[in-house]
Amino acid sequence: MPAYFPKNVVVLCVDKKRGFNFAGRMYHFYEKDAIPFSSFVEAQIRMERFYDELGFPQPSMKAASFPGMKGSERKEMTILQSSDSLAAQKGDIATFIIHVQHRQNATWQGNIVWADNKSKCTFHSALEMLKLMSMALESVDDNEEEGGA
């Protein structure tokens, strides 16, 4: 059965984990190549820029900026990947499918699927999303330690 994803979904492939931080690749419909990130903060910044350029979901607040600095603006985007090609992306450690439905109160609300065990959770802030991802990555570490013992 083919996969179906909303057009603003992001697939986050975690390839490395260092303490509470992680690095990997990000994919979405409008970029054919992987978008690398070296930390959760960098992934979050890249995702925020993507949502600004896509124009969806609309933010409820406008980001502050210094005079003369230009933020991300909406632009025309062409779909370059299918849902099936996004679903085929896998991280070395974990894979998360993130669907941000709202950007309210200067944060994100939506759903996250841990693709490796097919568990789905709702999050009400980017911090809560990070906590869910961290718990999933900790359980991967715990399973590896149990398997290696």
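Guide: A contact here means heavy atoms within 4.5 Å. By that criterion, in this predicted model, residues 24 or more positions apart account for 50% of the contacts in the protein with a separation of 6 or more. The secondary structure consists of 3 helices and 6 strands, and from the N terminus the order of elements is β-β-β-α-α-β-β-β-α. Of the 149 residues, 40% count as buried. The protein exposes about 8,900 Å², with carbon and sulfur atoms supplying 55% of that area.

The part in question is the loop between strand 4 (94-104) and strand 5 (107-114), where Asn-105 is found. Ala-106 has its place in that loop between strand 4 and strand 5 as well.

Most residues other than glycine have a negative phi. Asn-105 has a positive phi, near 55°, and is not a glycine. Ala-106 is not a glycine either, and its phi is also positive, at about 60°.

As for accessibility, a residue counts as exposed when its relative accessible area is over 50%. Asn-105 has a relative accessibility of 63%, and therefore counts as exposed. Ala-106 stands at 67%, so Ala-106 counts as exposed too.

Taken residue by residue, the loop reads as follows.

Notes
Residues are numbered from 1 along each chain as its sequence is written. This is a predicted model: local features need pLDDT of at least 70, side-chain atom pairs count only at pLDDT 80 or more; totals for chains, interfaces and linings use all residues. Side-chain values use heavy atoms; hydrogens and water are left out. Helices (H or I, at least four residues) and strands (E, at least two) are DSSP runs, numbered from the N terminus. Buried means under 20% relative accessible area, exposed over 50%, partly exposed in between (1.4 Å probe, protein chains only). Accessible areas come from the Shrake-Rupley method with a 1.4 Å probe; for residues, only the protein chains shown count as cover.
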